[in-house]
Amino acid sequence: MRFISVVGLTVPLALAETLVIPAVEKAVGLQLAEFNKYYVDAANQTLDSRSASPYHDVRGIEERQTSTYWYEAIGHQGISAFNTDKTYKVYRNVKSYGAKGDGTTDDTAAIQRAISDGNRCAPGACASSSTTNAVVYFPAGTYLVSSSIVSYYATHLVGNPKSLPILKATASFNGFGVIDGAQYQAGGALPYGATNIFWRQVKNFVIDITAIPAESSSTGIHWPTSQATSLQNIVFKMSSKAGTQHQGLFIEDGSGGFMNDLTFYGGKYGAVFGNQQFTVRNLTFYNAVTAINQIWNWGWTFQGISVNNCTVGLDMSAQDENSNIVVGSATFFDSSFTDTDIAFKISRSASSLPRTGGSLAIENVQLDNVGTAIQYVPTSSVLLAGTTGSKTIASWVSGQVYHPNGPNKVAGTQTPFTRPASLLRGSAFYQRSKPSYADLPVSSFVSVRGGGAKGDGKTDDTAALQSVITSAAASGKVVYFDAGTYIVTSTLSVPANSKIVGEGYPVIMSSGTFFNNVNTPKPVVKVGNPGQSGTVEWSDMMVSTKGAQAGAVLIQWNLASPSSSPSGIWDVHTRIGGTTGSDLSYANCPATPSSTAVNNNCRAGNIAMHITPSANNLYLENVWLWTADHDVDDASLRQITVYSGRGLLVESTVGNIWLVGTSVEHHARYQYLFRNTQNIYAGQIQTETPYYQPNPSARSPFPLNGTSDPNFDVSCPKGTAAPNCAEAWGLAVKASKNVLIYGAGLYSFFSNYSTACSAAGSATLCQQGMVLFDAASTTNFRIYGLNTIGAYGMIYKDTVRLATYDFNINVFPSSIISFDNAA
């Protein structure tokens, strides 16, 4: 496959104003040009690779059982509430569309029919959609494919986790990826806009490209992507022959994102990564030439990576034609390299450009029979030696460091962050994957539509939902939310010991006056009551609001959970405005840069999520708390102004909170606030400041909560502070301890809808400050891989600016590889 043309990176925040980032556009173009040649000349290129070692296939993918998964057997009643076609199907079984899964029949066309059925949002045909979501299910079997399976917008491709279906490419396969998550269009453009591809998943598959000749370029999954997306529980099988040109996963663009539980066998590259930011957890590589090729980024977080019998582990040495580094930063920890020649390849030095380009933080990484731990690629010199035995890299950084003052250029070992034992299992941070409930029979699940809820976006489903949730918890059943939009007009209570799973991101949508008192906030979904203990599991859903909901706390978490079995939420998102049926679309709440008036009908959420003082031991993974900046269902994706007060507020007294791959965007006063809490692990966190600020500023349209809100009258005194001072904090920490951030991308692109403030070399930036902590009572506050955009002050200690953007310039953001607040 060849790219039709070199594709640059644009960030389509709205068609009313497209943010073009020249530095990143250039980096992406250079890398795509390199891969374009790679595809064209694949037969003429070879790389030396290690001989494949006989590692045991721990997933046992060849010893498969043909047992039925509960999701295949349950009744499928899900609907898309606001789709005008009332016959539209959310659930599709590929075998119902003619796929055989017998390993001999070409199932490509049948699978594509299952994906495309129902006038869906196809690549190149529409910009995005909230009304054409679909779940395409693959029973156990081997599905032969001769060209790419092209995924559509808001599509969940789901296999049987009890017996992973195999998607096997034919020897003559033609396409860019067995699964192509964003098919290139005529002229070389990606569909949708890579920073606008939301709400999709691929999980529970084997991707097998071993039938394709090793010397032919081939790709398992092509996946440029954005928030609220995931790859989970996927095995990639590639050739391990000398000169192999296979690659498992290719990402060249986007603003992600999360992936976990992926295993790669063979290949020239296990994975090729290029995206603004990402959280990558529990990836295992065997017998690749290069396990991970990082072709560009702003900041990536790698947790729990295992590299075995590869030539290179992580290669982040990419440079442009002027030898400038194009990879921003990486944070890599709780990982291992075994029988590998070179663990890390970098190009960063004391004199390299940009000043903080190629920053790297390593912590708790085990080496077993590794030739070179860290290689400086321009001279092939050894920065950190390997070992023929075993050793652990406790902590090693290359980049600019603040303790808390700086910048100090460092390339070497440093004292690792002090980790609270309560956050760990052994020496590594606790981690837990989303449950599939694969071992439960279908009789263990109770459908909310079967229990009387309609999910039609207009019926009040409060009573029906509460009845199902309460009875299910009492009887040990799992609540199954069929696809749909469920209106609630008062608080929905989730008791301890509940398990809730959704189909295709069903939506709980608040509505009515109960949630519209800005001075008396009320939870839409309340998990436990203060003082209650137990465990809750919640996955694959969204919570939203309809119209004016100025007092809505979308998720309130009160439950205390045992340290031995924390509660968890996976792929649960809040979405405020921007969709059909929300009454918060372009027709209701258009952007108004020329007006200073606040439309109170567009005040649509008070707090996205509140983890209260009584809550503790909670694990969040791939959670996006989003207030819409544009109308998802508008053909031109026009900008809107929807107001929400606050993002994620964590006030847990005991703490033990894990935030894995979370994002919080476009809330008025702050995105993340840790207050009177402790023992927090977070990586990678990502934020954006509302596009309308400073019109109005963060002081309005939600009044100050004197108990918890950072007070802008202190940090930005009226009458003397700059106009762009009182804008939302990306991250604020107050009276807290042991707050450990492993990767952060905190961005401010707009000032009253203009992007001039975030352009390289801008004289006036979008806002004054991005990170805030108090000096008096916050201890052990640490950050690896802080990346900010559009903020003059990267970090403030009370009103004292500790770090400014211009001393820490990277490929586009400003970067600090390591920060701690200890003097």
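Throughout these legends, a residue is called buried when its relative accessible area is under 20%, exposed when it is over 50%, and partly exposed in between, with a 1.4 Å probe and protein chains only. The structure is a predicted model, in which local features need pLDDT of at least 70 and side-chain atom pairs count only at pLDDT 80 or more, while totals for chains, interfaces and linings use all residues. Residues are numbered from 1 along each chain as its sequence is written, and side-chain values use heavy atoms, with hydrogens and water left out.

**View 1. The disulfide of Cys-121 and Cys-126.** A disulfide here is a pair of cysteine sulfur atoms within 2.5 Å, and a search of the whole structure finds 4 of them. In this view Cys-121 is joined to Cys-126 with an S to S distance of 1.6 Å, and the link is left-handed because the torsion about its S-S bond is about -130°. Cys-121 has a relative accessibility of 2% and therefore counts as buried, whereas Cys-126, at 26%, counts as partly exposed. When the bonded cysteines of the chain are numbered in sequence order, the pairing reads 1-2, 3-4, 5-6, 7-8.

**View 2. Two further disulfides, Cys-589 with Cys-602 and Cys-757 with Cys-766.** The sulfur atoms of Cys-589 and Cys-602 are 2.0 Å apart, and the torsion about their S-S bond is about -100°, so this disulfide is left-handed. Both cysteines lie in the loop between β34 (567-576) and β35 (603-611), so the pair ties together parts that are 13 residues apart in sequence. Strands (E, at least two residues) and helices (H or I, at least four) are DSSP runs numbered from the N terminus. Cys-757 and Cys-766 also have sulfur atoms 2.0 Å apart, but with 85° about the S-S bond their link is right-handed. Cys-589 and Cys-602 are both buried, as are both Cys-757 and Cys-766.

**View 3. An open sheet of 10 strands.** The strands follow the order β28-β31-β33-β35-β38-β40-β42-β44-β46-β47 with mixed pairing, where two strands pair if DSSP finds at least two bridges between them. At the edges are β28 (492-494) and β47 (800-804), each of which pairs on one side only. From one strand to the next the twist averages 20°, based on axes fitted to C-alpha atoms and on angles that run from 0 to 180 degrees between N-to-C directions. Strands β44 (residues 767-773) and β46 (residues 791-797) run parallel and are joined by 5 bridges, with Gly-769 standing opposite Gly-793 in β46.

**View 4. Ser-306 in strand β16 (residues 306-308).** Ser-306 counts as buried because its relative accessibility is 18%. Its side chain makes a polar contact of 3.1 Å with that of Asn-308; such a contact is a pair of N or O atoms within 3.5 Å, one able to donate a hydrogen and the other to accept it within protein, and residues adjacent in sequence count only if both atoms are side-chain atoms. Leaving aside neighbours within four places in sequence, Ser-306 is in contact (heavy atoms within 4.5 Å) with Leu-283, Thr-284, Phe-285 and Ser-336.

**View 5. The largest nonpolar core, with 189 residues.** A nonpolar core is a set of buried Ala, Val, Leu, Ile, Met, Phe, Trp, Tyr and Cys residues joined through side-chain atoms within 4.5 Å. Leu-249, Trp-557 and Leu-731 have the most contacts inside this core, and strand β14 (residues 269-286) gives the most to it, with 8 residues. A second, separate core of 19 residues includes Val-401, Leu-423, Trp-658 and Tyr-742.
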